[in-house]
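Dear colleague,

I am handing over the structure below, and after it I describe what was found in it. Please keep it open beside this message while you read.

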Amino acid sequence: MTVVDELLIKQVETIAEELVLADPGDLQGLANLHTIFQEIEQKTSAHAAAIAKNCAALVERIILAEVPDSKIAMETLGKGVAALQGILRDGRALHEVDIPEELRPSEALDQSPTEKSQVSKAVTLSGVVDEKILSDFLARQPAVLEDMERLLLELENSDVPSSKAELRRIIHTLKGESGLIGLPEVERLCHTAEDAIDKVPIKEITDILLEMKDWLGRVFHALSTQGEMPESADNLIQRLGGLTSSDKTSSKDSEKTEEVSEATQPSQSEPKYLTADKDLLAEFVTEAQEHLQNADVQLLTVETDSKNQEALNAVFRAFHTIKGVAGFLDLPDIQSLAHEAENLLDRARKNELELVGPYMDVTFESVDMMKRLVAHVAHSLSTGEPLGQENNLPDLMKRLHQAVQGQLVAEARSIAAVAPGKRIGEILAEQGKVSQQEIAEALEKQSAMGPNGELEQRFKLGEMLVREGKVSAQVVAEGLRAQKQSQQGPAEMRNQSVSTEVKEPVRVDADRLDRLVDLIGELVIAESMVSQSPELTANASNQLLRHLSQLDKITRELQEIGMSLRMVAVRATFQKMARLVRDLSRKANKNVRFEMYGEDTELDKSVVDKIGDPLVHMIRNAVDHGIESDPAERIAAGKSEAGLVVLRAYHSGGSICIEVQDDGRGLDKEAILRKGIERGLVREGENLTEREIFNLIFEPGFSTAKQITDVSGRGVGMDVVRKNIEALRGQVEIHSEKGKGTLFNIRLPLTLAIIDGMVVRAGAERYILPTLSVVRAIRPKKEEIFTVVNKGEMLSIQGRLIPLFRLDRLFSVQGAVQDATQALAVIVEDDGRQAGILVDELLGQQQTVIKSLGDAMRGIMGISGGAIMSDGTVGLIVDVAGLLRLTNVSENAEHISSLTGN
Amino acid sequence: MPPNESSVSERVLSALEGQYLSFTLGSEVFGLPILSVQEIIGLMPVTRVPRTPDYVRGVINLRGKVIPVIDLRLKFGMKNEGDTPRTCIIVVQVKYDSQTIVMGFIVDEVSEVLEIGAEQIEPPPAFGDAVAVEFIVGMGKVGQKVIMLLDVARILSATELAETRQLSKEAMA
């Protein structure tokens, strides 16, 4: 979309506004309209111009009173303007807009391609995109962009480090996600922007960054409406890149640009509308999505074990079913794709060919393509728009067809035949691509160039052969692939889903479910209010009491079921990670195995939805930084050549643990500590526990990586991890041993809806302390309490000094007990830090439903939310982590030193 | 948001036409557009929330939903003279910044729903900075009474998080 286009759209919008107010008798207004229409005519081409011209002519006729009914003519004009808007702003084609007959351009024009279809779609989804991931991603973006804008404006005025960190976090996450879903252009832009933010004060580049935000907004809008993509971001990238001294555009980036241009063939085919029965179509969409989801899982099994009949059959069945129904519903694209894919899978399951290498890729692509096609149907079904087109479909069909014939890549069959551990030279020689002689010569030349590592030598040999002109690069690449394939271990993907019994789920609107859970919560409260009311308990008969206890039992059970309704298995999220590891390891050219356990573990849906983001960051870190890039290094350390990333979920106490483990390098404690000192986070000579050192990596902008790649290294990711997990009321722990690997342990509450809380009283107010963070409660003795310069208080328990808060002072409550020895000190702990909270008394323990205090009340220090108490009033939940953060380390140190000084 | 006379043209005033729920604070009568009123409930125990501006009375449980309640007297800079049996909470629902916000206003007494025509509405007075009239969008004349017509969104925007946040930051400092 060019500047001219934008101007035009504005003009058309002006017209639309004026037209509403215009009166057929108002000659001056009409004359204005005439002028604007003529201007539009000159600035656009093809259809839009023709329509504008016809509009202008119509206005002229209205002015000259040549039309029979000027009111109808005005209405026609309105429609014409709407059509212009449709074409110019929304980028629709001529046949998609509703144009009144009088204003329709002549047929000759209609034949020519519309102007818009010639505009290259600079930003196009490339590669494979999971529809669910994409739609999740798109749904989140408006809020993200809003945040970005707010931060930019804030930073323009004053340089707040925390805002800057947040901005970087946003851009970094966006970069990562867009890389994952295949928006290279966006990824590149974010990458450049990150660089620029690091090097140039935000103030100077606010304009460009705001433009970038607008551009992103247009891209996401276009993606979600399947409308016209905006212009390429090259201009922005150049301007941003120009600000940073060195040019960061790596070869990887240029590859991506190629991908983009490849994928920019505009669709030529006619739009197609859905014809079949809507209910049937809707059913088809749901069913197909389930089948495809399943197919994805099974394909991953096939990937590691290409002979797995059961998995192959399952994928085959998925395509087969889709094909049948699609034919019935008149969806030719889907039908033919399913047909080809089915053919391929049929051959695979009859052992006529093996699904490896390119064959596997093409199968994966088919599943993804199918997902997109099904999504188009769903979209078209809900909006009534014509069916969306997939530009890459013909290409994919062609390759699928080749694959069925077994001719996808000539060498594909021989790939599987290569024995493990062979060198590239041997492989190539075996395949008759080069002679032994030539290899020997090349090797000789190579060793003359100086000593190299074993692996480097292998790659260099290929290079050498290519350089000498002995063999083409493609042949070497294929040989290398064969080599890599042969090194890959046997299938060890733990997937218990192969032959699980199919349970019949019922789909329920999430809102209704929430409402039900809310109501159950209300019922529980109402029930306890009734059964505990003094009037009732005073003169209740035995009979009544029995009934009441029965009622109590039923409501409890109802509550439990209500809570379990929201629980979903983490399987879907884990599967996305499996795919992520696969893609990342290919990208990084590393051999990485992925295992997952406990994917049936259930978590609250809202938690599952939010855990994806941090997991992505941790997995990326594990693959990119954790796993050694040089297999030789791994072997030298006594590990298997293939790296291992494990994702695990299990119950532990009242919470759920999710672990991300890799067997790579492990964290470098010394390097982290050095960096911490360098950044001023740690003071020289300060003694930090291992845990404290590892926790440094969660600091915003903390990174020990020397090189920033497009995957990670900026130290933003781990910051996101901690933020998100804290938002879920969870905790992260890091265990790592240098050379052995790293383990991230995330501990999450079972549900976000319920909290197990200790009800405490201070003065007349009641507060809830999360039981998880309560260690114990003691009645402090006089000698255990120290006042520090008359400001803070410290409590000495078991030889440790911890800060002591008075809840009444903190929350300015009247009438609380002032004599600490008459009060209770509740010892709370968060992330290894302890503090005492002085309250009047403990009222008991209860499970309460957590409620947000609403947007207007968010961000109140010391309060994390509200809970409905048994008497129906609202109790406030104390934010222990927030309170403890108040007592920052330096303050503590001061307290302690002043104490020991006494 | 300072009152901007020029923006209060005839057209804006005619847009104010409609039904208003009138209520009193002391001797003054105010009106809330009926469409933004969700319900009227009696005063119930309000949980005080620490570190909020004084006009935020606290939060209540409205059938399972926690909503903040604002003491309109304090909000408008009037004295709080204690609750009476007639004191009640008007629950308003308003779209603000693309989200729907539900909030309670504590008022002295709710009177009636009035139909106010465009010809009965006049622009709000300009007292300069001395009197905060930014929530008042117009003055309705019904019989002998003058009703100050309120804009809920403006009350909300002035009651906003920013202020709450700032306060908690100050407390931390």
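Predicted model: local features only at pLDDT ≥ 70, side-chain atom pairs only at ≥ 80, totals over all residues.

Residues are numbered from 1 along each chain as its sequence is written, chains are lettered from A and ligands numbered from 1 in the order in which they are written, and side-chain values use heavy atoms, with hydrogens and water left out. Helices (H or I, at least four residues) and strands (E, at least two) are DSSP runs, numbered from the N terminus, and two strands are said to pair if DSSP finds at least two bridges between them.

S6(A) and S7(A) form a hairpin with three residues between them, and in the turn Gly739(A) has a positive phi of about 85°. Eight of the nine residues of S7(A) are buried, so this strand is largely enclosed by the rest of the structure; here buried means under 20% relative accessible area, exposed means over 50%, and partly exposed lies in between (1.4 Å probe, protein chains only).

These strands belong to an open sheet of five, with mixed pairing, in the order S2-S4-S5-S7-S6 of chain A. Strand S2 (592-597) and strand S6 (731-737) of chain A are its edge strands, each pairing on one side only. On average, and with direction ignored, neighbouring strands of this sheet are turned by 15° against each other. Helix H26 (residues 571-587) of chain A packs on the sheet, where it touches S2, strand S4 (643-652) and strand S5 (655-662), and its direction makes about 175° with that of S2(A). A contact means heavy atoms within 4.5 Å, and axes are lines fitted to C-alpha atoms, for helices over the stretch in contact, with angles that run from 0 to 180 degrees between N-to-C directions.

**Other strands of chain A**

Strand S9 (residues 765-770) of chain A has five of its six residues buried, so it is largely enclosed by the rest of the structure. Two bridges join S9(A) to strand S18 (residues 874-878) of chain A, and these two strands run parallel; the bridge partner of Ile768(A) in S18(A) is Ile877(A).

**A pair of helices in chain A**

The axes of helix H9 (residues 184-199) and helix H10 (residues 202-225) of chain A come within 11 Å and cross at roughly 165°. That makes H9(A) roughly antiparallel to H10(A), since angles under 35 degrees count as roughly parallel, over 145 as roughly antiparallel, 65 to 115 as roughly perpendicular and the rest as oblique. Among the residues that meet, H9(A) contributes Leu189(A) and Ala193(A), while H10(A) contributes Leu209(A) and Trp215(A).

Ser36(B) is placed in the loop between strand S2 (28-33) and strand S3 (37-42) of chain B. At 8% relative accessibility, Ser36(B) counts as buried, and, not counting residues up to four places away in sequence, it touches Val91(B), Val92(B), Gln93(B) and Val152(B).

Chain A has 34 helices and 18 strands, and 48% of its 902 residues count as buried. Chain B has four helices and 11 strands, and buried residues make up 47% of its 173 residues.

With kind regards
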